[in-house]
Amino acid sequence: MTLLDLLDLSGTFFFALSGAMMAIRKKMDLLGIIVLGTVTAIGGGTLREILLGRFPPFVFQQDQYLYTALCASLAAFIFVEQLTRINSIVLLADALGLGTFVTIGISQALEADVTPTGAVILGAITAVAGGIMRDLLAQEIPYVLTRDFYAITCICGGVIFILLEKQGLPRRLTMSIVTAVVVLLRLLAIRYNWRLPRPR
Amino acid sequence: MTLLDLLDLSGTFFFALSGAMMAIRKKMDLLGIIVLGTVTAIGGGTLREILLGRFPPFVFQQDQYLYTALCASLAAFIFVEQLTRINSIVLLADALGLGTFVTIGISQALEADVTPTGAVILGAITAVAGGIMRDLLAQEIPYVLTRDFYAITCICGGVIFILLEKQGLPRRLTMSIVTAVVVLLRLLAIRYNWRLPRPR
Amino acid sequence: MTLLDLLDLSGTFFFALSGAMMAIRKKMDLLGIIVLGTVTAIGGGTLREILLGRFPPFVFQQDQYLYTALCASLAAFIFVEQLTRINSIVLLADALGLGTFVTIGISQALEADVTPTGAVILGAITAVAGGIMRDLLAQEIPYVLTRDFYAITCICGGVIFILLEKQGLPRRLTMSIVTAVVVLLRLLAIRYNWRLPRPR
């Protein structure tokens, strides 16, 4: 198991946690908690696989993603009170997941016949579409569209990926740099409360 | 026409009915009623086809599903008052649709290159995704996530399907048993008001 | 560049405008405005490509659609006050986009292995699914389901397309007629405030 696989599974775990916590806030039952956790964790990657024409998507072929999401959802169900107290750790973990997912997403997209712009979009979709599905299922306006400096870090990471790739850097090095940049940008955004402009 | 085909079309009819009734409650116009009925009836099967990589999905190749959903939606539009009075028949019909759709879904998924866990999930998606789309279009938190012992019957049915298949039972027999089990579980859940646990 | 390409890109522009305006009304930030504009503009075409099994969908292979949607979203962000004043021009432009998208959608669907009914549905999906995604992301009941004579013009256009095609008319002529008919129907519907029946 490589470091990337480890980050991928821990990203899956923490994304599922955020979905399950949302389900708990919305007073869903145990099944709703598991579904929302799972959709949040695998929704983005599954949508990317669909858009790239890869069937069946990897989550139906490798069970570790579904079971990781299941464990995270059950953990949220059991430890809900403790989890709300360690919110800063959850935010850090979410940033790690974001960086990993966007890097994997762009990397996969570049294997297919898409433009660099298309690859950047597909990277961002991989990272944020699961969260958008979570918010829609919970009947909230998607978080990434209204508040916070979140999806924009994926776009920045994606552009840097394309630029480094054009410089001829080895793929593994590019992926490490981009993951680190996205995580760092996200943590800075949380720390300094960065915001995007809004219309007057 | 086999018994399975008959159950499949009547499941389509009754799922469309539930979508059209929701549209009527939400004061949609005639087109909204038809769209919501149709999406509820064919949404789950279409999503399964997409995830299994089968294009174009069957509803665009065989017209009977679209026209069955259209008839059910028009019937709901015309007989709305009578239908609300015979709600228990509608619930029974919905249970039959649920059992049939989950059985067809798993059976189709097992032909593709997915894990048993993946097949169980795809069976449940076939049965409940149309209802989730109905609720999202009507701006309600999906029913299956919050209340009632509904999607869990599909998971139970799916696990039994996999176990019977491993015992070497003929596919047709397995499908009959699983359909009956899901319908029975669902009716028991309605009768005895079964609930899943919720967080405190 | 043919007239159809021109109409296609201007349809993309005006659909993105309607998405971006909705995002502004919902107090989204700049990224939310761009995402909502883009999804509204390309969502329908992308869903059609998925249902027809064409991967990756054209927007990831030809950048002009993404950049047109980006420009429209930025224009909405900057000129929001002026745009609300020229609402009738926006409605006219939207009608042009509707006619173009439905015509392109049916035409593409007929190349694939679908029934005529399926092609009509796929044409309507091309034209209205982006707007449905816009409304869901903004947490509104989709406009096309509740009010106005909108999606029904796509169905009418689709049926006329199939009839003309059966008469052996050349495809280009059929496409021109259908686009004109849909635009005209839509403008008449706005002018005379046409409505579909509703249940009592």
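Guide: Axes are lines fitted to C-alpha atoms, for helices over the stretch in contact, and angles run from 0 to 180 degrees between N-to-C directions. Helices are DSSP runs (H or I, at least four residues), numbered from the N terminus. This is a predicted model, in which local features need pLDDT of at least 70 and side-chain atom pairs count only at pLDDT 80 or more, while totals for chains, interfaces and linings use all residues. Residues are numbered from 1 along each chain as its sequence is written, with chains lettered from A and ligands numbered from 1 in the order in which they are written.

Visitor: At what angle do the axes of α5 and α9 of chain B cross?

Guide: Two packed helices are described by the angle between their axes and the distance between the axes. In chain B, the axes of α5 (residues 87-111) and α9 (residues 171-191) cross at roughly 145° and come within 8 Å.

Visitor: Which residues make the contact?

Guide: Two residues are in contact if their C-beta atoms, placed from the backbone, lie within 7 Å. From α5(B) the contributors include Leu91(B), Ala95(B) and Gly99(B), and α9(B) supplies, among them, Met175(B), Val178(B) and Arg186(B). By class, the contact has eleven nonpolar, five polar and two charged residues. Here Ala, Val, Leu, Ile, Met, Phe, Trp, Tyr, Cys and Pro count as nonpolar, Asp, Glu, Lys and Arg as charged, and the others, Gly among them, as polar.

Visitor: What does Leu36(C) touch?

Guide: Not counting residues up to four places away in sequence, the partners of Leu36(C) include Leu145(A), Ala20(C) and Arg134(C).

Conventions
Helices (H or I, at least four residues) and strands (E, at least two) are DSSP runs, numbered from the N terminus.
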